[in-house]
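Dear colleague,

I am handing over the structure below, and I would be grateful if you could read it alongside the notes that come after it.

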Amino acid sequence: MKAGAQRSFGAELKARDGKRIVFNFAMNGVNNLYVIDAGGSGKLESLITSEYGQTPMSWSRAANAIAFLQRTKSGSNAIWVLPMDGERTPRVFVESTFTL
């Protein structure tokens, strides 16, 4: 890490099966999503990075997807879904110019 880099932890959510925790972590002012085993063992994994801040909102019942908030390139707010299986390509679930 660079000298003087700013870090902070934000929102965190435990998966419904209790096995993993997703949280946002700010490195130099931008929150991105990370996941770790709930017991603290295992490796910290970066899920997705963006120039726009991300906030985890919910795990799916089967713990195979995460819903999160993030701004879009157009400046609107969106709820995104990130599959935890396969390619892990996020997709916009709903987008609004209003505060979500």
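This is a predicted model: local features need pLDDT of at least 70, side-chain atom pairs count only at pLDDT 80 or more; totals for chains, interfaces and linings use all residues.

Residues are numbered from 1 along each chain as its sequence is written, and side-chain values use heavy atoms, with hydrogens and water left out.

I begin with the strands, which are DSSP runs of E with at least two residues, numbered from the N terminus; two of them are taken to pair if DSSP finds at least two bridges between them. Strand β2, residues 20-27, runs antiparallel to strand β3, residues 30-37, and the two are joined over 8 bridges. Within this pairing, arginine 20 has aspartate 37 in β3 as its bridge partner. The two strands form a hairpin with 2 residues between them, and asparagine 28, which sits in the turn, has a positive phi of about 60°. On to the next pairing: β3 and strand β4, residues 45-48, are also paired in the antiparallel sense, over 3 bridges, and here tyrosine 34 stands opposite serine 46 in β4.

Strand β7, residues 77-83, is joined to β8 by 5 bridges, and isoleucine 79 stands opposite valine 94 in β8.

Valine 92 lies in strand β8, and its relative accessibility of 34% makes it partly exposed, a term that covers the range between buried, under 20% relative accessible area, and exposed, over 50%, with a 1.4 Å probe and protein chains only. Leaving aside its neighbours within four places in sequence, valine 92 is in contact with Ala78, Ile79 and Trp80, contact meaning heavy atoms within 4.5 Å. From C-alpha to C-alpha, valine 92 is 9.4 Å from glutamine 70, and the two are 22 residues apart in sequence.

Apart from its neighbours within four places in sequence, isoleucine 66 is in contact with Val22, Leu47, Ser58, Trp59, Trp80, Val81, Leu82 and Met84.

The structure holds 1 salt bridge, that is, a side-chain nitrogen of Lys or Arg within 4 Å of a carboxyl oxygen of Asp or Glu. The side chains of glutamate 45 and arginine 88 form it, at 2.4 Å from N to O. Since glutamate 45 lies in strand β4 and arginine 88 in the loop between β7 and β8, the pair ties together parts that are 43 residues apart in sequence. Glutamate 45 counts as partly exposed at 33% relative accessibility, as does arginine 88 at 23%.

Finally, there are 3 aromatic pairs; rings of Phe, Tyr and Trp (its six-membered ring) pair if their centres lie within 6.5 Å, and planes under 30 degrees apart count as stacked, over 60 as edge-to-face and the rest as tilted. One of these pairs is the stacked one of phenylalanine 23 and tyrosine 34, with 6.0 Å from centre to centre and 25° between the planes. Phenylalanine 23 is buried at a relative accessible area of 10%, and tyrosine 34 is buried at 15%. The rings of phenylalanine 68 and tryptophan 80 are stacked as well, with centres 6.3 Å apart and planes at 15°. This pair links strand β6, which holds phenylalanine 68, to strand β7, which holds tryptophan 80, across 12 residues.

Terms used:
Helices (H or I, at least four residues) and strands (E, at least two) are DSSP runs, numbered from the N terminus.
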